[in-house]
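Reader: Hi! Could you walk me through the pockets in this model?
Author: Happy to, here it is.

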Amino acid sequence: MTDLRPDAQAMLARALEDAKPGPAVRKAMDSLPPADHYYLISIGKAGWAMAAAACDCLGSRLTEGIVITKYDHSQGPLPACHIFEAGHPVLDQNSLDATAEALALADRLGEGDCLIFLISGGGSALFEHSDLSLAELQEINQALLASGMDIVKMNTLRKRFSQVKGGQFALRAAPAHVNALVLSDVLGDRLDSIASGPAYPDHTSKDQALALVEDYKLDLSPQALAMLHKDLPAQLDHVTSKIIGSVGGLIASAQSEAERLGYQTIILSDRVDIEARDLGQFLGGLAQTQRRLSSRPAGKTAYILGGETVVTLKGTGKGGRNQEIALAAAPYLAGLDSCLVFSAGSDGTDGPTDAAGGWVNGESLARLQEAGYEPAQVLKDNDAYHALAAIGGLIMTGPTGTNVNDLTCLLLG
């Protein structure tokens, strides 16, 4: 069969390279407001890369900085910065300890100071301070991750259990000016939801939060339920916020590389938020249809999507949403020549795994079955990682230093 993997690898590599936040941070730093002292806090999976660019721009003007990122995502010391690594997608004690240091810095800020607050996806787990115990927070987060909620719904609840989310951290930093530069991993670039909006006013309501608990049948303690009723900051006049990167750029770069490789490109969506396996089945069915229709576009075609699908956990296996997309497509591609589906997280980690995602082609189903894996059962067990690993179908990039949602593509040669 025709091997389209080199094309897929080239598209993903180009998209990830262009999505690195350094240039965008540097450009945004050109218009900093004047201040007596500059401080830096950077949170999220892109926290180190964003902080490194900011440190280059500030030089000796940086008084003190704190970086909180995921384990193995730091790339070394940064001038005047304390670097912390913590748990993601479920917070741990390091998340709480690192956030306590950030709160202590915020309490030292005064009028005339400027806090450069760099925010990227993953901040909801990495950046946390709460009246709830660590064990209860972990239990709640595990339940949210398994529920099938999209990230906006999850963060509607998370911010009410927290003392830093939903604009509360920025309020703590007053009267200093907070200059928030945000790398978006949320569909529609909602500032109130990215990393649960630690520097942005809350635009959700307690009624919405209570309805989610009812709709998803969440079992919460009386203390946690009571916290859903609290009011969050509705206005933050001392904060300016700017989106400096999002999934739109990721898609545009993949499209540009595909066109360089000779593909006609069709952008299907930049706001995908359905169940992961449903998207995989859709793309597999699309491949079948296009192979069957004589009126399909001539030559090579790349169908490109971006966003963040969801997985409703029912099994106890290992995997992630992008791996489930690929695995679900495999039965539909079976026997088709010159077809490939790939999906990958721009941060390089898909769920609680070391893979960024997965890819499948017309040979994948037969190879899975030879290795003893039936996709339907694997998806039921949520064990896509081991199945794809058995056939060399995992995409491994390592931490990329960025986080702007996921890239999913169907390639027809």
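Author: Lining the largest pocket are 46 residues, and P89, L145, M154, R321 and G351 are the ones nearest its centre. A pocket here is an open set of points on a 1 Å grid over the protein atoms alone, where a 1.4 Å probe fits, with protein on both sides within 12 Å along at least five of seven lines; lining residues have an atom within 4 Å of a point. This is a predicted model, where local features need pLDDT of at least 70 and side-chain atom pairs count only at pLDDT 80 or more, while totals for chains, interfaces and linings use all residues. Residues are numbered from 1 along each chain as its sequence is written, and side-chain values use heavy atoms, leaving out hydrogens and water.

Reader: Great, how much space lies in the largest pocket?
Author: About 930 Å³, taking volume as the space filled by probe spheres set on the points, which are joined across faces, edges and corners.

Reader: Which element supplies the largest share of that lining?
Author: That is α7, with 5 residues. Helices α5 (123-126), α6 (134-146), α7 (151-158) and α13 (321-333) each supply at least two; helices are DSSP runs of H or I with at least four residues, and strands are E runs of at least two.

Reader: And the second largest pocket, what lines it?
Author: Its lining includes R5, L12, F342, W359 and T397. The space there is about 200 Å³, and α1 gives the most to the lining, with 5 residues.
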